[in-house]
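This briefing goes through one protein model by topic.

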Amino acid sequence: MEGIFMKGIILHGGAGTRLRPLTFSGPKQLIPVANKPISQYVLEDLRDSGIREIAIILGNIYPEKVINHYGDGSRFGVKITYIHQGEPKGIAHAVGLCKEFVAGDDFIVYLGDNLIQHGIKKYLDEFQNGEYDGYILLKEVEDPTRFGVAKFDEGGNLIDVIEKPKQPPSNYAVIGIYFFKPVVFDVIKELKPSWRGEYEITDTIRLMMQKGYKVGYSIIDGWWFDTGKKDDILQVNSIILDERIKREIKGETINSRIDGRVTIGEGSKIINSTVRGPCIIGRNCIIEDSYIGPYTSIGDNTRIIRSSIEFSIVLEKVTIEGIDRLEESLIGENAKLIKASKRNAIKLNIGDYSEVIL
């Protein structure tokens with residue numbers, strides 16, 4: 001697809017406090033689902049919609065890991081510019097840093113931890129064809145008090161957006177994808193920090209409407225996830241494995257049973273084990289005398305011996321040995337889970353903010 005005359009901005013900051021301890025060693029947007037970082041799905045959605053110039057806004061949690069993964073963007077078919085925000089001062093503040101990058105073009109702001117089922121292309125076309133100054137995407141949710149919420153008049157026109165209201169005017173949450181014309185930069189200059197000390201994108205949208213700018217909306221089809229918590233990430237992992245994984249076995253299987261849609265990377269060995277899809281196993285893994293159940297993603301260079309795992313995400317370079325049943329778990333890079341003997345005693349060496357449920 002040829003590039004279009006529009007730019008993309010991926011927000012890659014934020015503290016990720018709800019995902020500690022994983023976010024002590026890297027930004028939350030690099031946590032993989034189905035062995036691919038969450039923000040890479042975002043970048044590929046922008047690219048597949050025809051956008052070729054993308055800015056990534058970096059926070060202060062290991063921004064070098066983001067740069068190491070994406071580089072100049074050429075291996076993904078895009079051109080990437082990096083902009084350092086540092087301390088999280090709000091989405092509108094991050095957008096305001098991008099005026100020089102945008103250089104007068106229309107643009108999309110896409111939070112790097114948001115995933116939607118069917119992509120943005122349809123809504124990009126609606127934004128451009130409707131000659132809007134701003135355009136937001138909405139999704140009906142059970143608990144709108146956790147989000148920015150849309151308010152409508154009796155005719156269904158958008159008249160306000162309210163951040164985390166105690167009494168929501170609707171059940172329609174503003175999801176983390178926004179379309180803007182460059183006039184938004186003039187509006188951002190007039191913002192004041194909110195009670196939490198941030199420059200809010202909801203305040204930006206409200207001020208645009210108050211100034212008479214044309215702001216439209218769509219209620220999106222399909223699922224949407226703001227992957228801010230462990231349970232969200234496990235659920236997205238299961239959905240993406242279910243919808244997108246194919247049977248592709250590049251590794252070696254020895255006296256093992258591989259059922260259903262399973263991807264096994266090059267250099268991996270599955271020995272005396274059962275693997276049931278949907279499931280993905282990375283490169284150079286050893287799975288021996290084990291059961292890998294559905295909805296499990298296992299990162300590269302991981303060893304799993306005499307263990308049973310399902311509905312879990314295991315990152316790279318992990319060792320799991322002698323664990324009878326592991327489920328609904330998110331295991332960080334270089335972790336070791338080893339049952340050393342048949343005694344019931346448990347030995348732990350875990351970091352701050354870890355959670356162990358036995």
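The largest nonpolar core holds 51 residues, and V33, I108, L115, I177 and F179 have the most contacts inside it. A nonpolar core here is a set of buried Ala, Val, Leu, Ile, Met, Phe, Trp, Tyr and Cys residues joined through side-chain atoms within 4.5 Å. Buried means under 20% relative accessible area, exposed over 50%, and partly exposed in between, with a 1.4 Å probe and protein chains only. The model is predicted: local features need pLDDT of at least 70, side-chain atom pairs count only at pLDDT 80 or more, and totals for chains, interfaces and linings use all residues. Residues are numbered from 1 along each chain as its sequence is written, and side-chain values use heavy atoms, with hydrogens and water left out.

- Another core, of 34 residues, lies apart from it and includes A94, F101, V184 and M208.
- I177 touches I108, V109, Y110, I116, I120, Y135, I136 and L137, not counting residues up to four places away in sequence; contact means heavy atoms within 4.5 Å.

**Sheet**

- Six strands form an open sheet in the order β15-β18-β21-β24-β27-β30, with parallel pairing; two strands pair if DSSP finds at least two bridges between them.
- At the edges are β15 (252-254) and β30 (336-338), each pairing on one side only.
- From one strand to the next the twist averages 5°, where axes are lines fitted to C-alpha atoms (for helices over the stretch in contact) and angles run from 0 to 180 degrees between N-to-C directions.
- Strands β24 (residues 303-305) and β27 (residues 319-321) pair in the parallel sense over three bridges, and R303 stands opposite T319 in β27.

- S307 sits in the loop between β24 and β25 (308-310) and is buried, with a relative accessible area of 4%.
- A polar atom of the S307 side chain lies 3.0 Å from the backbone nitrogen of I323.
- Leaving out residues up to four places away in sequence, S307 touches D289, S290, Y291, I320, E321, G322 and I323.
- L315 is in the loop between β26 (313-314) and β27 and counts as buried at 10% relative accessibility.
- Its C-alpha atom is separated by 7.4 Å from that of D300, 15 residues apart along the chain.
- Contacts of L315 beyond four places in sequence are P32, G299, T302, L330, I331, G332 and E333.

**Cysteines**

- The whole structure has zero disulfides, a disulfide being a pair of cysteine sulfur atoms within 2.5 Å.
- For C279 the nearest cysteine sulfur is that of C285, 10 Å away, which is too far for a bond.
- C279 counts as buried at 0% relative accessibility, and C285 is buried with a relative accessible area of 0%.

**Backbone details**

- G277 and P278 are joined by a cis peptide bond with omega about 0°; P278 lies in the loop between β19 (274-276) and β20 (279-281).
- N272, in the loop between β18 (269-271) and β19, has a positive phi near 50° without being glycine, and is partly exposed at 35% relative accessibility.
- E328, in the loop between β28 (326-327) and β29 (330-331), is not a glycine but has a positive phi of about 50°; E328 counts as partly exposed at 47% relative accessibility.

Note on methods
Helices (H or I, at least four residues) and strands (E, at least two) are DSSP runs, numbered from the N terminus. A polar contact is a pair of N or O atoms within 3.5 Å; within protein, one must be able to donate a hydrogen and the other to accept it, and residues adjacent in sequence count only if both atoms are side-chain atoms.
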